[in-house]
Amino acid sequence: MSLTGIYPVPLKRDEALELVRQMLRIRRFEEACAELYGAGKIRGFLHLYIGEEAVAAGALTVLQPEDAIVATYREHGHALVRGIAARAVMAEMYGKVTGCCRGRGGSMHLFDAATRFFGGNAIVGGGLPLAVGLALADHLQGIARVTACFFGEGAVAEGAFHESMNLAALWRLPVLFCCENNGYAMGTALERSESQTDLCAKAASYRIAALPVDGMDVVAVRHATQAAAAEVRAGAGPRFLEYRTYRFRAHSMFDPDLYRPKEEVEEWKKRGPLHTFTDRLKAQQLFAEADFERLEAEVAAEIKSAIEFAEASAWEPVEDLTRDVVAAEAAS
Amino acid sequence: MSEKLSYREAMREALRSALRRDPRVFLMGEDVGRYGGSYAVSLGLLEEFGAERIRDAPLSELGFVGAGIGAALGGLRPIVEIMTVNFSLLALDQLVNTAAALRHMTGGQLHVPLVVRMATGAGRQLAAQHSHSLEGWYAHVPGLRVLAPATVADARGMLWPALEDPDPVLIFEHAQLYNVEEPASSAVGDVDIRRAHVRRAGRDLTLIAYGGMLPRTLAAAGQLAAEGIDAEVVDLRVLRPLDATTVLESVRRTHRAVIVDEEWRSGSFAAEVSARIMEQAFYDLDAPVARVCAAEVPVPYAKHLEDAALPQLPAIVAAARSVLGARPA
Amino acid sequence: MDEAALRATVVTLLQKIAPELDPATLDAALPLREQVDLDSMDFLNFLVAIEKRLQVAIPESDYEQLRTLDDLVRYLGAREPTP
Amino acid sequence: MIEFRLPSLGADMDQGTLLEWRVRPGDVVKKGDVLALVDTTKAAIDVECWHPGTVLDLVVAPGQTVAVGTVMARLLEPGEDPATVPPATPVAAVAAVTAPAAASAAPALAAVAPPAARQPVSPAARRRATELGVALETIVGTGPGGAVSLRDVEDAATRKTTPRDRSQEIRGTIAAAMSRAKREIPHYYLSDDVPLGTATEWLRRTNAGRPVSERLLIAALYLRAVALAAVRHPAMNGWFVDGAFRPSAAVHVGMAISLRGGGLIAPAIHAVEQLSLADTMRALSDVVSRARAGRLRREELTEATITLTNLGDDSVTAVHGIIAPPQVALVGAGQVSERPWVVGGQVVAMPAVTLTLAADHRVSDGHAGARFLADIAAQLQRPEAL
């Protein structure tokens, strides 16, 4: 956590406010989701990102629109920051036809081709080889863009992680591996699932330049991601960032959260990305309480509108059930 | 006494009893220990048996399933839990290329006394990567025994016979069944893991189901009874080796068969059952064999679409009526 | 051939066309075709058989005279045998 | 070695009873020779051989009922050594026919497979019907898709009094075929009174100089007239199969023949358009006598492309018939009678017949049917050209 600490935020006010706004959007959106889940509006599995907002907000705001994003089943934040409309995400959570995947994917499977957002993957490690392939396509076509692949530290235990790291390094592909290390793979702590808990060392063993980042510090995330993405974009091959972060909520709505001490959770909450960042901004006179109130109001309006939109939206007609299994002309 | 036992508890009791009975038995899988199992089946076992025998594994399905095979070769009786059948695809190589093949490939020198448990099936809005029913794929593979306990009694009584089997046994637990309760008194003793079981006797047609489709199929039989149609319900419960005898005996009596299967129709296990009936009871059939299967789509998230994709009670009832023709038999 | 023999022969030939015929029920004075259910083809075949057996030529113009068994016996008795 | 199997001779034939062998072991046969007489639900039928050879052994005994496809006899191919042929396996009676034996029937018989859609019968019902001796054709199915079910068969068996009654079976066959026709074929009907003064006079003169055996019947004129007209109106001549009409180049006229003791059969007289009138008459005479004797050939039962029904011997004016599927047209003729007819402004007594046409609206329309009927009428005005 070398980059942690009170140091000046080297950002313009509008850049800083944007980061606050994005983190706030994620936080409030997910709080609403948790409530709606309790109300039965959202079903299936719901994995909340609360506590980890700095990673999505810091990383995705410095990626380019032409870059590709691959994410996990804990991807609401990434989807929102990437620019998928909150209403389309919320409608998807509701299972409505106006959702980004027509209500077929739900929380774990958010996709949006328009913003090159390639999911939304509920198989741990499943996105890594996909990201390698997206980067391979760019590489072969001579397109200088980045594929940012988000995955949890639990995925490091999968064979797919190792195969993907090796392929990307071997072929010098433009992949930015974004490991969101929140310490627990579902209920299993990193030290109980990895013999080598230094994840950067694993990446380094594939000769991939790797850097640990304080995932609770949105500025650190932003700067590390910006630098690494620039190298990847320049053709330097893959880079690996380990964002050390923490989820404040349980793994999913159905998780009694018995595997970690409450004190640990409370300790991490003191480092919550939202309030630590706004505290620093206030200390620098870049941010006032009024700003916060204004952002809160904006975000609240956006989420209220998203919920209203989802509520008012229609279900996909059942007759369309078999649509899009394969291309229409090939269907029979 | 009308003490109730849930399917989940029955499975836990089966694990507990096996762990107590045979020191070679251990449980291994993702979050089986401290977390208590993703479906809370193994909750509390860590405290009783310790971390060596209730062994949390990293998210390394290929690795720990393969390790289970090795441990079985090494003289133990591993029970490996895979979170869902969708995740088992990551371990398909070890299951098919190693566990199933070893005995035959080595000319009988080696065998793999391994039990693999996993959740299967849809119905909880978990969408296309957590909802599928692929047990028929495994039932395709010689060298495996494939079980699908559909009742609390079977959940309680299948594990020990599976552990006694000298060859690999896969147990598919439909996630919708975990909360099903039956009187505890019904779940005693081992279950014959070679035989299908007639859950309801009837004269007019045979409804054939397994796993998660059994309760729904029994409900359909109840509804048909109200219409004066007397349906027999056969619970396959062993998908491999298929107990064709029980199925055929029933069909030879009723002359009509409807197979209910949560798998996709094409290449489904229902297709295998249907083919057996056609091959071995063709001249006993009084109507074409009917199948009620899932729509051929990845299971969608939205509730109404998921419902539409899965075999539902009205479809089972309608299929039963259709094989009866213009009038009840 | 006397009349009785002629009658017996005709009935035998008729039975070949209409095997179910019970001669005892046949009224020799009533039209044959209705009683025995002979259509024109049966009748033609019947005449063919008579011609062959009795060597009697029966012109089509005489068909009208051959309505009953008695007609036939009388007609054939007058012509048989053909020289 | 040649296996002589019981062929499928009709849409509804599953089995047959061997009545008699026409050959003995050692007989040399050529293609087309009749080897056996087989009783079916419809008629006793001569079954011929498709290959030249020498009869080695007769596997099925007279009286035995066997499934379609059963090997009935074995023949040595020309030059084949009998020592190389394994002994024949005895044939099970039909009630015990096993699945493979029945299944093996299909490939060899594909070429002569009937065009009509097969009556849907459940396998269990089919087996039970065999056990009970119930003719499936007589049963209206109530199972899925209208298939005959086990219960239908058992119900029919309890109703049945004389299991092997031929006329009842034929009645059932007709019932099934005609029910199907009325169910599936949208019929339309046309009729026309056709003067036959010229034709009857021509017949009278022609027959006057002929021995009985060479005399012509008006039915022969109808046959030729229908055949010649059908050549020019292909929409009346052919089969409607699998949802499409397949016209036939040849005109095989199915001649409706009433059977003694009831029932009807309409064997085909082949390629009538190519026969002389005298040959047509001979063919008609032959087919009638064989039909009445129950001795038809398989082609005659399955290959008609249009039907002619002549009720001229009955005192009816017109017959509005039902098309025999898969055919698409039926021509009917009533009694020839003298009717008042205006000729050159005078009313005269004119022998005339009412001709009717029943045709399949899926294939043709009334206008086409009217032209066909008019063509037949025109043919009948020129009997010498028939």
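Predicted model: local features only at pLDDT ≥ 70, side-chain atom pairs only at ≥ 80, totals over all residues.
Residues are numbered from 1 along each chain as its sequence is written, while chains are lettered from A and ligands numbered from 1 in the order in which they are written.

**Chains B and D**

- Chain B has 14 helices and 14 strands, and chain D has ten helices and 20 strands. (Helices, H or I with at least four residues, and strands, E with at least two, are DSSP runs numbered from the N terminus.)
- In chain B, 60% of the 329 residues count as buried, and in chain D it's 45% of 386. (Buried means that 20 or more other C-beta atoms, placed from the backbone, lie within 10 Å of the residue's own.)
- Take the contacts in chain B between residues at least 6 apart in sequence: 79% of them join residues at least 24 apart. (Two residues are in contact if their C-beta atoms, placed from the backbone, lie within 7 Å.)
- For chain D, residues 24 or more positions apart make up 66% of the contacts with a separation of 6 or more.

**Where A meets B**

- Chain A puts 32 residues in contact with 28 residues of chain B.
- On chain A's side, that's 14 nonpolar, twelve polar and six charged residues. (Ala, Val, Leu, Ile, Met, Phe, Trp, Tyr, Cys and Pro count as nonpolar, Asp, Glu, Lys and Arg as charged, and the others, Gly among them, as polar.)

**Two helices in chain A**

- Helix α2 (residues 53–60) of chain A packs against helix α9 (residues 218–233) of chain A at about 40°, with their axes 8 Å apart. (Axes are lines fitted to C-alpha atoms, for helices over the stretch in contact, and angles run from 0 to 180 degrees between N-to-C directions.)
- The residues making this contact include Ala54(A) and Gly58(A) from α2(A), plus Val221(A) and Arg222(A) from α9(A).
- By type, the contact of α2(A) with α9(A) has six nonpolar residues, two polar and one charged.

**A sheet in chain D**

- Four strands of chain D form an open sheet in the order β1-β8-β6-β3, with antiparallel pairing. (Strands pair if DSSP finds at least two bridges between them.)
- β1 (2–5) and β3 (28–29) of chain D are at the edges with a single partner strand each, so one side of each has no neighbour in the sheet.
- Inside chain D, β6 (residues 53–58) and β8 (residues 71–76) run antiparallel and are joined by four bridges.
- Asp57(D) sits opposite Arg74(D) in β8(D).

Notes
Buried ≥ 20, exposed ≤ 12 C-beta atoms within 10 Å, placed from the backbone.
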